[in-house]
Amino acid sequence: MAQLSKFRHCLFPSLSSPFFSKPSLQFHSLITASAKPHRYNLRTKTTTPMDPTFNKRRAQGRDASKKDLPLKVRKLNPINTISYLQILGTGMDTQDTSPSVLLFFDNQRFIFNAGEGLQRFCTEHKIKLSKIDHIFLSRVCSETAGGLPGLLLTLAGMGEEGMSVNIWGPSDFKYLVDAMRSFIPNAAMVHTKSFGPIFNTDEPTVPHQSKLLDPIVLIDDEVVKISATILQPNCIETLDSPNGKKKPVAKPGDMSVVYVCELPEIKGKFDPEKAKALGLRPGPKYRELQLGNSVKSDHQNIMVHPSDVLGPSVPGPIVLLVDCPTESHLEALLSVQSLNSYCDQLDNLPEGGKVVTCVIHLTPASVVSCSNYQKWMRKFGSAQHIMAGHEKKNVEIPILKASARIATRLNYLCPQFFPAPGFWSLPNHNSSKIGSLASSEGSFSEISEVISAENLLKFTLRPFAHLGLDRSYIPTTVATSEIIDELLSEIPEVSEAVKHVSQLWQESSQTKEDLTPVVDRKMMIEEPWLCANGIPACLENIRRDDLEIVLLGTGSSQPSKYRNVSSIYINLFSKGGLLLDCGEGTLGQLKRRQFYHILNIHSIYGVTGADDAVRTLRCIWISHIHADHHTGLARILARRCDLLRGVPHEPVLVIGPRQLKRYLDAYQRLEDLDMLFLDCKHTTAASLDAFEDDFQGNLASSQNLNNNNGDSNASKVDSTLFAKGSRMQSYFKRPGSPVDKDAVSPILKKFKEVIQEAGLKALISFPVVHCPQAFGVVLKAEERTNSVGKVIPGWKIVYSGDTRPCPELIEASRGATVLIHEANLPIVIQATFEDAMVEEAIARNHSTTNEAIEMGDSANVYRTVLTHFSQRYPKIPVFDETHMHKTCIAFDMMSINVADLQVLPKVLPYLKLLFKNEMMVDESDDVVEAAVTSAS
């Protein structure tokens with residue numbers, strides 16, 4: 001900690017530095033609540049008030065309104081002309097989450113499971129989430145429900161009143177709801193419903209499966225009847241009872257569900273000739289008979305029944321959705337008798353023709369391969385079986401084709417920064433027959449139809465004439481060569497640009513000099529900490545396996561087709577890695593980031609390689625509580641726990657704002673996250689100094705750690721950062737909760753060990769201006785010695801989190817090797833509209849692109865990487881190259897090796913060329929509709 005103490009003094013020198021007299025950067029005070037921020041439209045060159053139809057405050061969980069969000073009310077159509085099932089292939093290409101299943105009717109929509117990436121998937125494939133009426137969870141865990149928080153917040157932000165949706169899950173669903181209350185308003189979750197046995201926390205024994213056999217009817221209207229049967233494993237853990245006997249213990253998260261969806265039968269065609277023969281006159285009685293009611297004949301003394309005048313009825317289709325995650329659940333499934341009424345074995349024909357039409361198996365292949373499971377499947381031999389559990393067949397077939405196409409283009413232009421996406425490379429992947437399961441234990445020979453699920457595969461339920469599979473919506477595959485040919489046809493200059501980009505690396509490796517053109521050298525700022533050749537001393541003889549910065553998500557608010565939400569992976573190679581923020585879909589992005597090979601340095605993630613990155617995570621650092629920065633955390637932690645189960649290991653360290661701990665503590669009742677939590681405020685420079693003094697026993701009785709975010713630093717912040725008396729000012733200076741030193745000290749010791757094992761000299765959090773308990777972070781590498789004994793300083797990485805320009809960030813960034821800075825709003829070239837853009841940035845406590853660049857320049861940062869762009873600019877934001885001589889724009893999957901930093905800004909003009917035909921307009925309305933309510 002002595003090293004941290006020394007670094008603290010070089011990190012936060014006096015704020016009386018000459019920077020604050022520079023006129024180039026101003027700190028804008030927050031506007032008052034009555035002000036009406038405007039938005040600049042790049043297409044019309046005008047400013048308009050912010051669109052009131054999307055409530056961003058409510059979408060971030062910060063709306064103080066107590067009013068419950070309304071449900072959609074639709075008039076049902078009992079005689080549906082169209083009904084189908086569709087596989088929504090979330091996780092199919094990465095196997096990081098469970099696929100979802102859409103049950104579609106004319107005026108009703110149901111989705112089963114909402115794993116991470118559901119919003120982004122629906123945006124990509126034009127599926128209107130605003131039309132969804134009910135969501136059902138087959139299990140309550142990060143794999144099946146990881147996308148739920150983001151979806152709820154997005155729906156809550158829609159329209160003037162917001163929207164909500166019915167969400168159903170087994171009884172342990174209430175634990176997830178309790179956890180989400182940490183950052184989601186209660187009004188958005190009033191329509192969450194759980195069913196099944198309620199856990200008694202004092203005596204969490206397993207209810208016998210016989211008590212769970214009866215199906216629970218959830219929906220029963222004229223359109224569909226949906227019922228649920230709970231599968232509870234017979235024994236997961238055991239607990240010693242007072243009498244010395246062991247008894248099974250249930251824990252939330254163990255239950256899974258089999259859903260049965262029954263459509264009503266279609267009445268036979270009415271025959272007016274038969275009705276006339278039975279003495280009926282045309283009129284209202286015809287209608288009564290068609291509705292299923294008996295009537296008295298007009299000319300004969302008899303009762304006429306519907307069966308007398310209607311043709312044969314068409315039985316309603318029946319669908320089973322089965323999630324049987326383990327062999328323990330399989331034992332429970334085999335004991336369920338209520339499903340036998342749907343079996344079609346010759347010795348057990350069901351009454352009334354109730355035969356299952358389709359069975360969708362969410363069960364993993366490891367369980368499907370069991371002979372008992374296949375024996376159970378044969379009970380429904382005539383049904384269409386769709387295997388939607390994770391299968392290798394779908395790996396490398398992208399479900400997000402738009403972003404994969406962009407990644408392919410970027411890789412063609414600059415493979416050094418953009419690894420190949422690795423998609424579309426599996427031969428013969430269109431085969432619909434089971435591959436991995438065909439050779440498994442048992443046989444499907446007695447089952448007429450068994451196929452692997454594919455993305456957007458449909459099974460038509462109505463009209464009856466079209467009953468069966470529909471593959472017409474399965475996305476067609478595109479070869480990499482086709483994408484490149486299309487690019488060269490569209491922008492022929494790219495072929496020459498590829499040569500120029502390659503030349504940049506050749507010149508860099510030969511000369512190790514700054515490659516800035518002479519015309520740009522005039523704009524270079526004097527940087528005395530640089531070596532004579534313009535390269536920071538810390539990069540002297542740097543190795544490629546020292547550091548790599550991987551931008552996994554570079555968008556803000558909600559995912560879009562082209563940019564996922566915030567996440568940065570700091571790859572320290574043999575020393576492990578760190579995550580800076582962990583938005584929804586982070587695990588999937590790690591798995592999409594494919595094989596990367598330059599100069600014999602391998603950096604491999606992909607579907608299997610990402611698991612290695614998760615295993616070796618040293619620390620996860622979260623900047624603030626907004627959902628786009630942390631809702632992928634539970635999935636990462638749960639996956640790491642699964643990977644290391646049975647292997648000796650230490651809990652991973654999670655550093656974040658204290659609100660995050662409330663969420664994680666509540667969530668751990670569902671899944672074991674195997675983590676150790678440390679409040680960001682304990683990792684500020686002032687707090688680390690104070691604890692270091694306590695460890696040494698020098699100031700044990702004089703230190704007061706009750707100040708939030710380290711008041712010694714907060715007090716230095718220029719008062720113009722906040723409007724006088726504003727809510728943010730009071731938050732920034734509000735004391736934190738009393739610190740339990742005995743509890744925090746062991747975690748800080750662990751923190752010190754983690755930092756040292758990662759080869760870092762320091763990890764320092766510092767407060768920024770965005771929301772209560774918002775932070776940025778500094779990572780400082782240890783010094784190293786070269787072959788001749790020369791001491792070379794370590795590199796320094798600064799991540800701003802979300803923030804307005806502020807002194808704390810400037811001081812933390814001084815002399816940084818790389819500053820990763822949010823740039824939510826773009827440069828506006830027309831000076832007339834600059835104030836409007838800044839006004840919007842102030843209203844949202846974000847930074848404009850111009851402000852982020854100026855922050856890097858003022859702090860003498862070597863390289864600035866801009867990220868966290870508004871989803872109004874989904875492909876590339878508007879920027880002016882004039883002031884970006886040491887700045888670059890981030891893209892999803894961009895991988896920056898520390899040895900390539902000197903080339904980084906030189907690539908920017910070529911990236912601009914790649915997107916020269918893209919219209920840069922204000923797409924805010926489209927994004928809200930596409931990412932949330934629209935498209936399909």
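Figure 1. The model is predicted, so local features need pLDDT of at least 70 and side-chain atom pairs count only at pLDDT 80 or more, while totals for chains, interfaces and linings use all residues. Residues are numbered from 1 along each chain as its sequence is written, and side-chain values use heavy atoms, with hydrogens and water left out. R139 counts as buried because its relative accessibility is 13%. A salt bridge joins R139 to D323, with the closest N and O atoms 3.0 Å apart (a side-chain nitrogen of Lys or Arg within 4 Å of a carboxyl oxygen of Asp or Glu). R139 is in the loop between β6 (134–136) and α4 (142–145), and D323 in the loop between β16 (318–322) and α10 (327–334), so the pair ties together parts 184 residues apart in sequence. Helices (H or I, at least four residues) and strands (E, at least two) are DSSP runs, numbered from the N terminus. R139 also forms a salt bridge with E143 at 3.6 Å, N to O, and E143 is buried as well.

**Figure 2. Salt bridge between D900 and R544.** The side chains of D900 and R544 meet at 2.8 Å, N to O. D900 lies in the loop between β38 (894–897) and α28 (908–914) and R544 in the loop between α16 (518–521) and β22 (548–553), so this pair ties together parts that are 356 residues apart in sequence. D900 and R544 are both buried.

**Figure 3. Salt-bridge network.** R405, R409, E486 and E490 are linked by salt bridges into a network. The whole structure holds 28 salt bridges.

**Figure 4. Contact of helices α18 and α19.** The axes of α18 (residues 606–615) and α19 (residues 633–643) come within 9 Å and cross at roughly 95°. Axes are lines fitted to C-alpha atoms, for helices over the stretch in contact, and angles run from 0 to 180 degrees between N-to-C directions. The two helices are therefore roughly perpendicular (65 to 115 degrees). D611, V614 and R615 of α18 meet I636, R639, R640 and L643 of α19, where contact means heavy atoms within 4.5 Å.

**Figure 5. Helix α5.** In α5 (residues 148–156), 9 of the 9 residues are buried. Among them are L148, P149, G150 and T154.

Notes
Parallel < 35°, antiparallel > 145°, perpendicular 65-115°, else oblique. Buried < 20%, exposed > 50% of the residue type's maximum accessible area, 1.4 Å probe, protein only.
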